[in-house]
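I opened my notebook to go through one model from end to end. My entries follow in the order in which I looked things up.

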Amino acid sequence: MKTPNDDLDRWPDPAGSSSLRSVLAHDLIVEGDVISSGPVDFQGKVAGSVRAPDVVVADSAHVEGSIVAHDLSVLGAVSGTISARNVRLAPSAVVHADVIHERIAIEAGAELEGRLQRKA
């Protein structure tokens with residue numbers, strides 16, 4: 001039986017080289033789930049879950065909910081849960097989330113409040 005944490009336990013495969021990047025613009029508000037087989041850049045607001053191989057949360061973006069990705073770069077704000085193989089928190093990142101990761105880079109200036117769990 002599938003549990004709520006099953007999606008957090010499996011990261012998507014990396015995006016293929018032919019995958020086109022989707023951009024959710026700064027004036028867009030999404031209430032619900034975003035699922036993509038290609039890379040996604042968030043510049044606006046998302047209230048829900050995000051699942052994609054490569055996710056960038058721009059400095060203008062705010063994601064409230066869960067993010068599951070192979071590669072995640074956060075320049076903006078995230079609150080909820082994060083599960084990604086590779087996580088990068090830029091100096092402008094503000095993260096209030098528990099983070100499951102294999103590798104994480106937290107740059108000077110990034111704000112992180114939550115638990116880190118390394119998954120091999």
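This is a predicted model: local features need pLDDT of at least 70, side-chain atom pairs count only at pLDDT 80 or more; totals for chains, interfaces and linings use all residues.

Entry 1, overall make-up. I counted the elements of the chain and found 1 helix and 11 strands. Reading from the N terminus, I wrote down the order α-β-β-β-β-β-β-β-β-β-β-β. I then looked up the radius of gyration, which is 13 Å, close to the 14 Å that the globule rule gives for 120 residues, so the chain is as compact as a globular protein of that length. The C-alpha trace spans about 35 × 35 × 30 Å along its principal axes.

The average pLDDT of the chain is 91, and 92% of the residues score at least 70. Over residues 1-5 the pLDDT stays under 50, and there the model has 2 contacts beyond four places in sequence.

How much of the chain is buried? I found that buried residues make up 40% of the 120 residues. The chain exposes about 6,600 Å², of which carbon and sulfur atoms supply 50%.

I looked for the largest nonpolar core and found 26 residues in it. Phe42, Val55, Val57, Ile67 and Leu72 have the most contacts inside this core. Two or more residues each come from strand 4 (40-42), strand 6 (50-57), strand 7 (62-74), strand 8 (77-89) and strand 9 (94-106). In soluble globular proteins, nonpolar side chains tend to be buried together. I picked Val55 and listed what it touches, leaving out residues up to four places away in sequence: Val40, Phe42, Val50, Ile67, Ala69, Asp71, Leu72 and Ser73.

In which sense do strand 7 and strand 8 pair? They pair in the parallel sense over 12 bridges. Gly65 stands opposite Gly80 in strand 8. Strand 8 and strand 9 also pair in the parallel sense, over 12 bridges, and Val78 stands opposite Val95 in strand 9.

Is Asn86 buried or exposed? Asn86, in strand 8, has a relative accessible area of 17%, so it is buried, since the cut-off for buried is under 20%. Beyond four places in sequence, Asn86 is in contact with His70, Asp71, Leu72 and Arg103. I then turned to His101 in strand 9. His101 is buried because its relative accessible area is 6%. Its contacts beyond four places in sequence are Trp11, Ala84, Arg85, Val87, Leu116, Gln117, Arg118 and Lys119.

Technical notes: Residues are numbered from 1 along each chain as its sequence is written. Side-chain values use heavy atoms; hydrogens and water are left out. A nonpolar core is a set of buried Ala, Val, Leu, Ile, Met, Phe, Trp, Tyr and Cys residues joined through side-chain atoms within 4.5 Å. Buried means under 20% relative accessible area, exposed over 50%, partly exposed in between (1.4 Å probe, protein chains only). Helices (H or I, at least four residues) and strands (E, at least two) are DSSP runs, numbered from the N terminus. Contact means heavy atoms within 4.5 Å. Two strands pair if DSSP finds at least two bridges between them. pLDDT is the predictor's confidence in each residue, from 0 to 100. The radius of gyration is taken over C-alpha atoms; the globule rule is 2.2 Å times the number of residues to the power 0.38. Accessible areas come from the Shrake-Rupley method with a 1.4 Å probe; for residues, only the protein chains shown count as cover.
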